[in-house]
Every structure is written in structure tokens, then in C-alpha cells.
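Please find below a colleague's note on the model under review. The points are numbered so that each can be checked against the structure.

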Amino acid sequence: MDSHDWLDTECAALEQAGLRRHLRTVMSAPTGTIHLDGRDVVLLGSNNYLGLSTHPQVIAAAVEATQVFGTGASGSRLISGNNERYTTLETNLATTKHTEAALVFSSGYAANTSIIPLLVGEGDLILSDTLNHASIIDGCRLSRATTQVYQHCDVEHLKTLLSESAAFRRRLIVTDGVFSMDGDIAPLPDIYEVATRYDAMLLVDDAHGFGVLGRDGRGTVSHFGLDGESIIQMGTLSKAIGALGGYIAGRHALVELLINKARGFIFTTGLPPATLAAANAALDVMRSSPDLRQRLFSHAKRLKTALTHLGYTLLPSETQILPVVLGNPQRATRIADALLAEGVFAPAIRPPAVPPDTSRLRLTVMATHTEAEIQQAIDAFATVSQDSVSSSYS
Ligand SMILES: Cc1ncc(COP(=O)(O)O)c(C=O)c1O
């Protein structure tokens, strides 16, 4: 026995519960087909929704920025890491989002765990959707505010909680715009109305709506025609934008306070210039390419319709995220493995990423999938459903 034995015990417990995760090494760029475990497989598990991480204009911008500025920022932004590409990108983001200002963080995770503790603290109240992303949950914990969780997208429940919140100093409602594991869209107009009525701030995490929903891909807030300064918008540059980083878009004063107080902004090194330049170029492509969004939604519709006909249970997603719910983690893993054997990578998502008993395949399509790749995926699901879903894996 030594003091580290508990590590092996914990790994064994994860294995036993069907919850042990393993890293896979992908040997190619995240296009419609990737090279994995020695062969080509159709990729249904990427957040590179518009395929921008391999867009020639985006790659050229990253290469040029590397040649000019080198590979790393080599300092935090408040010291020496704030190169000129940050200014360009943040101006572009604020213009895209129709806000006074925007601030880029090194990840979406850092953005959420920075903004929430800035907005609220002890004596304040956070109202958080039960299916919000882990980075929101961690931001709530860090803030030390009281957190109350409302039922998923349940505005009546939210209203009830707010009606009992008079004793708190400030109120913050926080919700994903598009829910990362379910693919459904938060009822923002109703939430916004309730927020206004009860004098609450509203923070929308648009990690999965940005680039995909709204005019020119501006996101979930734009999708509902709610553009403006009263909703604080958080998003990522790591999904549809195909780069890395998170951002907050809102008022000048908010950005000013974040620069001065947000620990996840201050105490970390700036992003590489190539990443900033890539994100900026990708924003331009995103706004000027409605065809990419059309292809994305056409693929999503085709895959969803085909899988439903095959007898799979899909959650009622309206977006590019298509969850096939399978129940226990072992079953989700077995079906993911069976699909991989058929040449399709459809990752199994298990607790704690999703609630217990809702393990699933989280399928995501990309604008850059070909029709043949979507067909290959459908064929694989047809084979697996006959062999595994309805009989031996139930
Ligand atoms: C809803 C949501 N918010 C925030 C994040 C964190 O973003 P990032 O991957 O840029 O850290 C993610 C992605 O993992 C997400 O799905």
C-alpha cells in the first residue's frame, strides 16, 4: 500500500461504471472524414460546424500572423501579450454581435469562469438552467453567489424563483443559447422578458449558436431578433469559428471591468497570434457564407429523418447537434464502438457530461460533409440498428 493506491482504485471504479474515458489520437484535420486508429472514418463528433478550421482563407491568415508575430504571445495581455491582432478581432466581434465592445479570453471555459464571478458574488442570486454547460456551473461555484437551478427551459419555474428573490442584491439569469448536449434552443424572448420584469441581468452562452443561428450566423440572440446591449453574450472561437478562445460581448464598462478584475483574463498568457488571425478571418467567412449554414442544416435534417426512420430515439433538437439517447453508459459505448467498426465516429457522451441514464451519441454534422459521407453514416446506423440496438444491446 502506498499513498497513491487510491488512483488505481478510482480508475477501476470508473471502468466498472462504464464511465472510464480514453484519449483517441486523430491523425488528420477535422473534415468530414478523419484518420483514426489506422483508417478513415466519417466524423460525426466535431464542433467545427462550418468546416472553417481548414478553410484556405483562415489557414492563410494564421500562417501570415505567425510569420509576422511568431508562434506565441509570450506574456499575459496586461503585460506584453496584447498584440494588434487582438484589437482587430475584438472590433470584428463587437461589430458582428452589435455590441459596444468585446473581449477575448483564452477559452470559453475561462470566459464563463471569469464573467460570472465578476457579475455576482456573496449576497447575489444566480438562476441557472439545469442543463447549462460545466463551465457555467464552475463559474457559479467560483462566484460564491447563491445558485438556484431552474428546470430546463422552464420560464414559469424561473419566474417563480425570481418572484421570491427580493432579498438578494443582484440577480443573474444564465443559460446556454443552444444546449451543448441536447441541441435545443433556449426560449430567449420569454427569458429576456422575465429578466427585465425582475431587474435581473441575462448572460447567454452561445458556444453552439454562434456561426450557426441568426442573421449571418451572429448567434442565438440575433436568431430571436434581440440584438442589443441588455443581454451579455458569451461565445467561443473554438467551435464554428474553428480556432480557439472565448469572448464576452457587451457594454464598454463591462469589458473595462473584466480587463481589470477577471482572474481568468489577467492571470494567463495571451493566445497565439495565429489563433487570433484565424478567428478573425473565420468571422469574415462565417458572415459572408450563408451557403455553409444551408448545407449544415440540410445535412442535419437528412440525418435526423433517416435515423428516426431507422427507429433511433433522437431528442427534439432544432440544430446541428443531434442526440441519440441510449440510456446507460455501457450501451452508449457499445453502440459507438459498433458504429466505429462500420466506419463512423459517433462519440458516446456519458455522465457527468449528461444526466444519469441519458447517455447518448452526440452526433454533429458539418457544412463540409459530403452527401456521400452522410449516406455512409446512415448506412452504418442501419447495420448497427439491425445487429445491435433492437436485439442484443437492449
Ligand atoms: C456551452 C459551452 N460553453 C462553454 C464551452 C467552453 O468553451 P471552450 O471549449 O472554448 O473552452 C463549451 C465547450 O466545451 C460549451 O459547449
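In what order do the seven strands of the open sheet with mixed pairing run?

1. The seven strands follow the order β3-β9-β8-β7-β6-β4-β5, in an open sheet of mixed pairing. Two strands are said to pair if DSSP finds at least two bridges between them. Helices (H or I, at least four residues) and strands (E, at least two) are DSSP runs, numbered from the N terminus. The edges are held by β3 (101-105) and β5 (146-150), each of which pairs on one side only. On average, neighbouring strands of this sheet are turned by 20° against each other, direction ignored.

2. On the basis of the model: it is predicted, local features need pLDDT of at least 70, side-chain atom pairs count only at pLDDT 80 or more, and totals for chains, interfaces and linings use all residues. Residues are numbered from 1 along each chain as its sequence is written, and side-chain values use heavy atoms, with hydrogens and water left out.

3. Leucine 127 has glutamine 148 in β5 as its bridge partner. Helix α4 packs on this sheet and touches β3, β4, β6 (171-176), β7 (201-205), β8 (231-236) and β9 (246-250). The direction of α4 makes about 155° with that of β8. Helix α5 lies across β4, β5, β6 and β7, and runs at about 165° to β4. Contact here means heavy atoms within 4.5 Å. Axes are lines fitted to C-alpha atoms, for helices over the stretch in contact, and angles run from 0 to 180 degrees between N-to-C directions.

4. The axes of α4 (residues 108-119) and α5 (residues 134-143) come within 8 Å and cross at roughly 35°. The crossing is right-handed; a crossing is right-handed if the near helix is turned clockwise from the far one by less than a right angle, and left-handed if anticlockwise. Residues of α4 in the contact include Tyr109, Ile116 and Pro117, and among those of α5 are Ile136, Cys140 and Leu142. By class, this contact has six nonpolar, five polar and one charged residues. Ala, Val, Leu, Ile, Met, Phe, Trp, Tyr, Cys and Pro count as nonpolar, Asp, Glu, Lys and Arg as charged, and the others, Gly among them, as polar.

5. A further helix pair is α3 (84-97) with α11 (residues 273-287). Their axes come within 9 Å and cross at roughly 25°, and α3 and α11 are therefore roughly parallel to each other. Angles under 35 degrees count as roughly parallel. The crossing of α3 and α11 is left-handed. Among the contact residues are Tyr86, Leu89 and Leu93 of α3 and Leu276, Leu283 and Met286 of α11. The contact divides into eight nonpolar, four polar and three charged residues.

6. Helices α6 (residues 155-163) and α7 (residues 188-197) have axes that come within 10 Å and cross at roughly 10°, which makes α6 roughly parallel to α7. Val155, Leu158, Lys159 and Leu162 of α6 meet Asp190, Ile191, Val194 and Arg197 of α7. Five of these residues are nonpolar, none polar and three charged.

7. A second open sheet has three strands in the order β10-β13-β12, with antiparallel pairing. Because β10 (321-327) and β12 (348-349) stand at the edges, each with a single partner strand, one side of each is left without a neighbour in the sheet. Six bridges join β10 to β13 (residues 359-364), and valine 325 has arginine 360 in β13 as its bridge partner. Helix α12 (residues 290-309) packs on this sheet, touching β10 and β13, and its direction makes about 25° with that of β10. Helix α13 (residues 329-341) lies across β10, β12 and β13, at about 40° to β13.

8. Most residues other than glycine have a negative phi, and most peptide bonds are trans. Serine 74 has a positive phi, near 60°, and is placed in the loop between α2 (56-69) and α3. Proline 351 and proline 352 are joined by a cis peptide bond with omega of about 10°; proline 352 is found in the loop between β12 and β13.

How values were computed. Parallel < 35°, antiparallel > 145°, perpendicular 65-115°, else oblique.
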